[in-house]
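Have the picture open while you read.

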Amino acid sequence: MLNTAFRHVALDIETTGLSPLRGHRIIEIGAIAIEGGYPAEKFCSLIRIDRKIPLQTQRIHGITNEMLEGQPEADEVLPRFYDFLRDSIIVAHNARFDMEFLRHEFNHISLRLKNKSVCTLKMSRKLYPKLPNHRLDTLYRYLFGEITTDIRRHRALDDAKMAARIWLEMVKR
């Protein structure tokens, strides 16, 4: 059952690769605050970085180097996102990945991510062990049917919206 006394933030990030320890960076953050069991405010920003996005990574999320031109840099976006998070419980699909990147990026600007997190991927494996896989889109289709055409897969805000809806559905069970 959902404890509405706590503010939750469903989030997703898009990155240049799979490991912040290898120099990969966050290039997009999307988040939905959940208050009283309902979506409330949102946060979304592209982040300009000082390196090129690998072509194979661009093919996954569709974010190009040109899209990042003129966007704010991490030292501008991350403090605003840190304030948005406050002491919320973070909800993410594969939270370990997102949390590792966020901790790494926040450390660069001398902020410490202390938020607790909930992983919808882990929850899915426990609640729906017979699913063929536990990807975000597979889980969403299982719970709600087809993904509407207004949702852009592998874009941070849309994936955060899907994670929020999935999580709200799973906590009912």
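Two rings of Phe, Tyr or Trp (its six-membered ring) make a pair if their centres lie within 6.5 Å; planes under 30 degrees apart count as stacked, over 60 as edge-to-face and the rest as tilted. With that in hand, look for Phe43, Phe81 and Phe84, which form one aromatic cluster.

A word on the ground rules. This is a predicted model, so local features need pLDDT of at least 70 and side-chain atom pairs count only at pLDDT 80 or more, while totals for chains, interfaces and linings use all residues. Residues are numbered from 1 along each chain as its sequence is written, and side-chain values use heavy atoms, with hydrogens and water left out.

**The ring cluster**

How many aromatic pairs does a search of the whole structure find? The search comes up with 7. In one of them, the rings of Phe43 and Phe84 have centres 5.6 Å apart and planes at 45 degrees, so this pair is tilted. Phe43 sits in strand E3 (residues 38–46) and Phe84 in helix H3, so to speak two distant parts of the chain linked by a pair 41 residues apart. Helices (H or I, at least four residues) and strands (E, at least two) are DSSP runs, numbered from the N terminus.

Phe81 and Phe84 also pair up, and this one is stacked, at 6.2 Å centre to centre with 15 degrees between the planes. Both lie in helix H3, 3 residues apart, about one turn of the helix.

For a charge to sit over a ring, NZ of Lys or CZ of Arg must be within 6 Å of the ring centre and within 35 degrees of the ring normal. Elsewhere, Arg165 does this with Phe144, at 3.8 Å from the ring centre.

**Where H3 meets H4**

Stay with H3, which covers residues 74–85; its axis and that of helix H4 (residues 95–108) come within 10 Å and cross at roughly 115 degrees. Axes here are lines fitted to C-alpha atoms, for helices over the stretch in contact, and angles run from 0 to 180 degrees between N-to-C directions. The crossing is left-handed, which means that the near helix is turned anticlockwise from the far one by less than a right angle (clockwise would be right-handed).

Which residues of H3 and H4 meet? Ala74, Leu78, Phe81, Tyr82 and Leu85 in H3 touch Leu102, Glu105 and Phe106 in H4, where contact means heavy atoms within 4.5 Å. These residues split into 7 nonpolar, no polar and 1 charged. Ala, Val, Leu, Ile, Met, Phe, Trp, Tyr, Cys and Pro count as nonpolar, Asp, Glu, Lys and Arg as charged, and the others, Gly among them, as polar.

Ala95 also lies in H4. Leaving aside neighbours within four places in sequence, Ala95 is in contact with Ser117, Val118 and Cys119.

**Helix H6**

In helix H6 (residues 136–144), the buried residues are Leu136, Asp137, Thr138, Leu139, Tyr140 and Leu143. Their cover includes helix H5 (120–127) and helix H7 (156–170). After H6 comes Gly145, with a positive phi near 90 degrees.

Most residues other than glycine have a negative phi. Arg86, though not a glycine, has a positive phi of about 45 degrees, and Arg86 lies in the loop between H3 and strand E4 (89–92). Ser110 is not a glycine either, yet has a positive phi of about 60 degrees; Ser110 is in the loop between H4 and strand E5 (117–119).

Here are the accessibilities of a few residues:

| Residue | Relative accessibility | Class |
|---|---|---|
| Arg86 | 46% | partly exposed |
| Ser110 | 62% | exposed |
| Ala95 | 3% | buried |
| Gly37 | 19% | buried |
| Asn65 | 17% | buried |

Methods
Buried < 20%, exposed > 50% of the residue type's maximum accessible area, 1.4 Å probe, protein only.
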